Amino acid sequence: MIKPGLRLKLTVLIECLIVALVLGTGIVTTYREKKTLENELHKRGYALAADLSRFTASSLLSRDLPALRRFVNHSMAQEYVLYVMIVDTEDQIVMHSDLKYVGKDISVYQLEPLARHIDLSAPVRIADALLGNVFLGYSYMAVENEIGTAVKQVLMIGAVATTLGGIMAYMLASFIVAPIKRIKDATKQLAEGTYPALLEIRSDDEIGALAKSFNDMARELSRHRTHLQNLVDERTRALRELALHIQLAKEEEAKRIAREIHDELGQTLTALKIDLHWLKGQLSGDAPAVQEKISIMLRLIGETIDSVRKISSQLRPVLLDDFGLSAAMEWQAKEFSDRTGISSHFFSHPENIVPRQDKAVALFRVFQEALTNIARHAGATQVKAGLWETSDTLVMEVHDNGIGITKSQIMDTRSFGVIGMHERVKRLGGELEIDGQREQGTTLSAWIPKGDT
């Protein structure tokens, strides 16, 4: 259910006040109009009755019925007159607009049901002598017609006033709500961590004071945010420099250890193997047990030499230092296939790319981590990898046909391998992107600026 906003509430409230005002004004105006018309009706009726009493005095005295009839008919010709009756002092109806009542006693006379009307009377006198009375029925329709016309006018004016009032109410509500909405939107942005532009609301009322308070708060929060961001940037930069230094130190140490294992231990084992071969050749054929023991020792020394080479290559492939990044990645892809049984294909364009040592190490380690993740999680049967360069960028791409990594896995803060790959590339000013498609595999792409190569 949509909740009504402040603008709608204000519009409805103002419109209700306008409608109430229009209704109140209309009712009061109609009531006053009715009273005025009723008074006017009484005055008009009394005036007509008085005129009739004055004109019929002599005719009533002489009992001139035709003359009285003419006066009655003349009065009936007036608008809204329902009946006219002339009664003498003995309450006998001398003349009536309806001749069937002439000669009857007024005490037994009952008026037939008439439309809503006013009964008026005036005495008929000559000098101070009372000759009788004139009775006149005046229709109330005159008032009702005027009141009906007035009501229609009030309704029409009310409709126009309500429509214009609604428009004005909406405009007024919009004028009131607009700065409040701007403050609300700015506050929402501020709560979401986005610092909006300062509000330009120039007003001396409470809304202006609220906008000024918001601007002061926004400035203060922006200042603190900038200060904190600077601190974070400094700490991040220091940590990255420290991490880079540690990484380089680790790589150098791994390189040194690999060299020592390969050169010292490998050479010693090779010399030992040569000596055993010599010793075996010096023994006579009648010492089979010793010959067998020497053969076992030679086999173990050979396996140890292979292990030494493998360990040395894992610590730091000699190919990376001696033949460059392309050769090292090609060797790593072949070793990955031999170890996991997953088919791999690697290409390099140009055939041999030899970047600066820190960039070569970073891309090689990212490649190693990508292959490790494929072996552990992808469920892939095939891997395609490539290394190429543009005019200003080194590009590496690794694609597998596995189940596809999800966005939640990419964003997982516990995915230290993914985080490590991002950091290695970012420290060199590059970018790394991982895109997974459900049941269509995962593609890892890395871009590093060539710079001075």
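Me: In which helix is the place of Ser337?

Reply: Helices here are DSSP runs of H or I with at least four residues, strands are E runs of at least two, and both are numbered from the N terminus. Ser337 sits in helix α8, residues 325-340. The model is predicted: local features need pLDDT of at least 70, side-chain atom pairs count only at pLDDT 80 or more, and totals for chains, interfaces and linings use all residues. Residues are numbered from 1 along each chain as its sequence is written, and side-chain values use heavy atoms, with hydrogens and water left out.

Me: Is Ser337 buried or exposed?

Reply: Buried means under 20% relative accessible area, exposed over 50%, and partly exposed in between, with a 1.4 Å probe and protein chains only. Ser337 has 18% relative accessibility, so it counts as buried. Of the 453 residues of the protein, 33% fall in the buried class.

Me: Which residues does Ser337 touch, not counting those up to four places away in sequence?

Reply: A contact means heavy atoms within 4.5 Å. On that basis Ser337 touches Ile342, Ser343 and Ser344. A polar contact is a pair of N or O atoms within 3.5 Å; within protein, one must be able to donate a hydrogen and the other to accept it, and residues adjacent in sequence count only if both atoms are side-chain atoms. The side chains of Ser337 and Ser344 make such a contact at 2.4 Å.

Me: In what order do the four strands of the open sheet stand?

Reply: Strands of a sheet pair through backbone hydrogen bonds, either parallel or antiparallel. Two strands are taken as paired if DSSP finds at least two bridges between them. Here the order is β2-β1-β4-β3, with antiparallel pairing. β2 (93-96) and β3 (117-126) each have a single partner strand, so one side of each lacks a neighbour in the sheet. Neighbouring strands are turned by 20° against each other on average, direction ignored.

Me: How many bridges join β3 to β4?

Reply: There are 10, and the two strands run antiparallel. One of the paired residues is Ile126, whose bridge partner in β4 is Ala129. β3 and β4 form a hairpin with two residues between them, and Ala127 in the turn has a positive phi of about 60°. β4 (residues 129-139) also pairs with β1 (residues 81-88), over seven bridges, and Tyr83 has Gly137 of β4 as its bridge partner.

Me: Which helix packs on the sheet?

Reply: Axes are lines fitted to C-alpha atoms, for helices over the stretch in contact, and angles run from 0 to 180 degrees between N-to-C directions. Helix α3 (residues 65-76) packs on the sheet and touches β1 and β2; its direction makes about 150° with that of β1.
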